[in-house]
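Q: I have a structure open here and would like to go through it with you. Could we take a few residues in turn and then step back to the whole chain?

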Amino acid sequence: MFSAQLREEANPIFEAIYAHPFVEGVANGYVPREALIHYVKADYEYLTAFARIYGLAVSKCETREEMEFYQSQIHFVLHSEIHPHNVFCKVAGVRYEDLQRMTPPPAADHYISHMMNSAVQGDIGELMAALLPCPWTYQALAAHIIETKAPDESNPFLEWIQFYSSREDGMPDVTAELSKRLDKWAETAGSAAKERARKAFLKSCMLEHSFWEMAATQQDWMIPLKGASVHA
């Protein structure tokens, strides 16, 4: 299957994500407060863009069933994925409302631009390939944490971990559904289209790793502009 081939090729990136200090901090129960705050600020903007890109996917659908799938994902991002953000905010001791509508740091801005470019200029296969690493890496890292650390109630990030690992009370299995749809697309796609999708997938995987690094180091623009945004 096409998605399985992509996952195998991306395995070194997945392993690097598992070993990243921020992810290991979540697994062990401690992440510096400023890193948590930086992550939430950036991820709020990233997920807002993610919802918009699901909307662009609707415009590329051929059936109502496809439209319904992407529409449901928009609802999930806007109404359910605020829970893991709130977990980080609670640990950091800040209000979620105070971390919204910020200028995305460079790595997040790059990731948003990459996904938007795939959505606008690419076909539905490239769009799906660009989106897939987000749910896939989160589900995989949560499963990895549970398998290797067996976190309990003493870990303040337990609800965050459970959200991304649980198919019943947390994140639906978007990975399996997107993979299935991408594999079906690949059955009739030409070699050039599949190569574009492959590159989009791998770049998104690398940018997922960059996102964690951005949060851990509190990466920002070198010349910040107060009260202004460099992100359209």
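Q: Let's start with Gln73, where is its place?
A: This is a predicted model, and in it Gln73 has its place in helix 5, which covers residues 64-79.

Q: Is Gln73 buried or exposed?
A: Gln73 has a relative accessible area of 7%, and because buried means under 20%, Gln73 counts as buried.

Q: And what does Gln73 touch, leaving aside its neighbours within four places in sequence?
A: With those neighbours set aside, Gln73 is in contact with Tyr54 and Val174. Within the neighbourhood that this count leaves out, the side chains of Gln73 and Ser72 are joined by a polar contact of 3.3 Å.

Q: OK, switching to Glu159, which helix is it found in?
A: Glu159 is found in helix 10, residues 158-165, and with a relative accessibility of 44% it counts as partly exposed.

Q: Which residues is Glu159 in contact with, again leaving aside neighbours within four places?
A: Glu159 is in contact with His83 and Val87. With His83 there is a polar contact between the two side chains, at 3.1 Å, while for Val87 the C-alpha atoms of the pair are separated by 7.0 Å although the two residues are 72 apart along the chain.

Q: What about His114, is that one buried or exposed?
A: His114, whose place is in helix 7, counts as buried, with a relative accessibility of 8%.

Q: Which backbone oxygen does the side chain of His114 reach?
A: The side chain of His114 reaches the backbone oxygen of Ala200, at 3.1 Å. Not counting residues up to four places away in sequence, His114 touches Ala200 together with Ala130, Lys203, Ser204 and Leu207.

Q: Now the loops: which loop is the place of Arg101?
A: Arg101 sits in the loop between helix 6 (82-92) and helix 7 (106-121), and there it is exposed, with a relative accessible area of 59%.

Q: And what is the phi of Arg101?
A: Phi of Arg101 is near 65 degrees, which is a positive value in a residue other than glycine. Ala150 likewise has a positive phi, about 45 degrees, although it is not a glycine.

Q: Where does Ala150 lie?
A: Ala150 lies in the loop between helix 9 (133-149) and helix 10, and it is exposed, with a relative accessible area of 55%.

Q: Stepping back, how many helices and strands does the protein chain have?
A: The protein chain has 12 helices and 0 strands. Its radius of gyration is 17 Å, close to the 17 Å that the globule rule gives for 232 residues, so the chain is as compact as a globular protein of that length.

Q: What does the C-alpha trace span along its principal axes?
A: Along those axes the C-alpha trace spans about 50 × 45 × 30 Å.

Q: How much of the chain do buried residues make up?
A: Buried residues make up 50% of the 232 residues, and of the contacts between residues at least 6 apart in sequence, 82% join residues at least 24 apart.

Q: Last topic, what does the accessible surface come to, and how many charged side chains are there, positive and negative?
A: The accessible surface comes to about 11500 Å², with 53% of it belonging to carbon and sulfur atoms. There are 20 positive and 31 negative side chains, and the centres of these two sets lie 5 Å apart.

Key
Residues are numbered from 1 along each chain as its sequence is written. This is a predicted model: local features need pLDDT of at least 70, side-chain atom pairs count only at pLDDT 80 or more; totals for chains, interfaces and linings use all residues. Side-chain values use heavy atoms; hydrogens and water are left out. Helices (H or I, at least four residues) and strands (E, at least two) are DSSP runs, numbered from the N terminus. The radius of gyration is taken over C-alpha atoms; the globule rule is 2.2 Å times the number of residues to the power 0.38. Buried means under 20% relative accessible area, exposed over 50%, partly exposed in between (1.4 Å probe, protein chains only). Contact means heavy atoms within 4.5 Å. Accessible areas come from the Shrake-Rupley method with a 1.4 Å probe; for residues, only the protein chains shown count as cover. Lys and Arg count as positive and Asp and Glu as negative; His and the chain ends are not counted. The place of a charge is taken as NZ of Lys, CZ of Arg, CG of Asp or CD of Glu. A polar contact is a pair of N or O atoms within 3.5 Å; within protein, one must be able to donate a hydrogen and the other to accept it, and residues adjacent in sequence count only if both atoms are side-chain atoms.
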